[in-house]
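Visitor: I would like a close look at a single part of this model, together with the surroundings in which it sits. Please take it slowly, and give the cut-offs behind the terms as you go.

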Amino acid sequence: MTVHNLTVAYRQHPALHHISGSFDPGSLTAIIGPNGAGKSTLLKSLLGLVRIDSGHVDISVPRKRIAYLPQQAEIDRGFPISVMDCVLLGYWQSAGLFGGISKEMAEKADAALHAVGLNGFAERPIGSLSAGQFQRVLFARILLQDAELILLDEPFNAVDAKTTEDLLIIIQTWHTQQRTVIAVLHDNEQVRRYFPQSVLLARRLVAWGDTAHVLTEAHLRLAKNMPEAQDPNAPFCQPGVAA
């Protein structure tokens with residue numbers, strides 16, 4: 001999957017400005033940077049969820065083989081649905097909205113709940129769960145998707161340390177299975193420990209590659225000090241024109 005000279009602007013102000021780079025198949029990559037750096041925008045650009053002003057993304061993975069975990073704040077937990085029904089939505093791409101759930105599929109869903117540490121939670125309404133428990137549910141749903149490409153937007157935000165540790169184990173398992181995993185994160189030490197590849201953004205690209213070469217003091221200082229990383233009144237973006 002390759003990003004070619006990607007520019008995305010909101011109200012003509014740059015969210016991403018001329019970003020280029022590649023995610024290797026089977027890689028485990030963190031997208032990091034200061035607040036407002038365009039991290040979530042890059043993730044959504046890969047999925048086609050935001051309008052691209054210039055450049056393009058080459059992606060060979062079929063849409064049904066892509067799993068996307070948005071930020072929890074973007075998910076309505078008020079919908080009256082049980083934990084098990086929420087997990088079973090992982091079959092939507094293969095079974096369709098009204099597709100039947102076989103005994104084997106139900107058994108796999110139960111196994112997924114077991115894998116994320118939610119035994120006995122199947123009938124609970126999702127609205128009754130803590131942030132950490134709900135994130136475990138969403139990871140269980142991804143387990144059923146059998147995705148080739150997994151995109152995670154701040155998967156550990158507002159999640160307790162034990163849940164984070166357990167979910168990192170699942171991510172490492174996906175990596176050993178040669179699935180491509182891309183996650184928006186904020187904890188640099190966590191990235192250094194668990195993510196071999198990194199993309200450091202500050203609306204523009206600071207560095208892309210091996211984490212040890214990306215998360216240097218010089219790169220982090222540059223990202224922090226880039227004016228556009230902090231200035232909401234940055235000059236209007238001119239698509240197709242690199243600054």
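Visitor: How many helices and strands does the protein have? Within that inventory, please look closely at strand β8 (residues 197–202): which strands does β8 pair with, and which helix packs on the sheet and touches β8?

Guide: The protein has 10 helices and 9 strands, where helices (H or I, at least four residues) and strands (E, at least two) are DSSP runs numbered from the N terminus. This is a predicted model, in which local features need pLDDT of at least 70 and side-chain atom pairs count only at pLDDT 80 or more, whereas totals for chains, interfaces and linings use all residues. Residues are numbered from 1 along each chain as its sequence is written, and side-chain values use heavy atoms, with hydrogens and water left out.

Of the 243 residues of the protein, 50% count as buried, a term that means under 20% relative accessible area, with exposed meaning over 50% and partly exposed covering what lies in between (1.4 Å probe, protein chains only). In strand β8, 5 of the 6 residues are buried, so this strand is largely enclosed by the rest of the structure.

The pairing of β8 can be followed on both sides, two strands being taken as paired if DSSP finds at least two bridges between them. With strand β3 (residues 28–32), β8 pairs in the parallel sense over 4 bridges; here Ile32 has Leu200 of β8 as its bridge partner, and Ala30 stands opposite Ser198 in β8. With strand β9 (residues 204–210), β8 pairs in the antiparallel sense over 6 bridges, and Ala202 has its bridge partner in β9, namely Arg204. β8 and β9 form a hairpin with 1 residue between them, and Arg203 in the turn has a positive phi of about 70 degrees.

These pairings belong to an open sheet of 6 strands, ordered β5-β6-β7-β3-β8-β9, with mixed pairing. β5 (66–69) and β9 stand at the edges, each with a single partner strand, so one side of each is left without a neighbour in the sheet. Neighbouring strands of this sheet are turned by 10 degrees against each other on average, direction ignored. Helix α9 (residues 217–225) packs on the sheet, touching β8 and β9 (contact means heavy atoms within 4.5 Å), and its direction makes about 30 degrees with that of β8; axes here are lines fitted to C-alpha atoms, for helices over the stretch in contact, and angles run from 0 to 180 degrees between N-to-C directions.

Some features elsewhere in the model complete the setting. Gln145 lies in helix α5 (residues 131–145) and, at 19% relative accessibility, counts as buried; leaving aside neighbours within four places in sequence, Gln145 is in contact with Ile66, Ala67 and Gly90. The structure holds 6 salt bridges, each a side-chain nitrogen of Lys or Arg within 4 Å of a carboxyl oxygen of Asp or Glu. In one of them the side chains of Arg136 and Asp166 meet at 2.9 Å, N to O. Arg136 lies in helix α5 and Asp166 in helix α6 (residues 161–176), so the pair ties together parts that are 30 residues apart in sequence, and both Arg136 and Asp166 are buried. Another salt bridge joins the side chains of Glu189 and Arg192 (2.6 Å, N to O), which are 3 residues apart in helix α7 (residues 188–194) and are therefore separated by about one helical turn. Glu189 counts as exposed at 53% relative accessibility, while Arg192 is partly exposed, with a relative accessible area of 34%.
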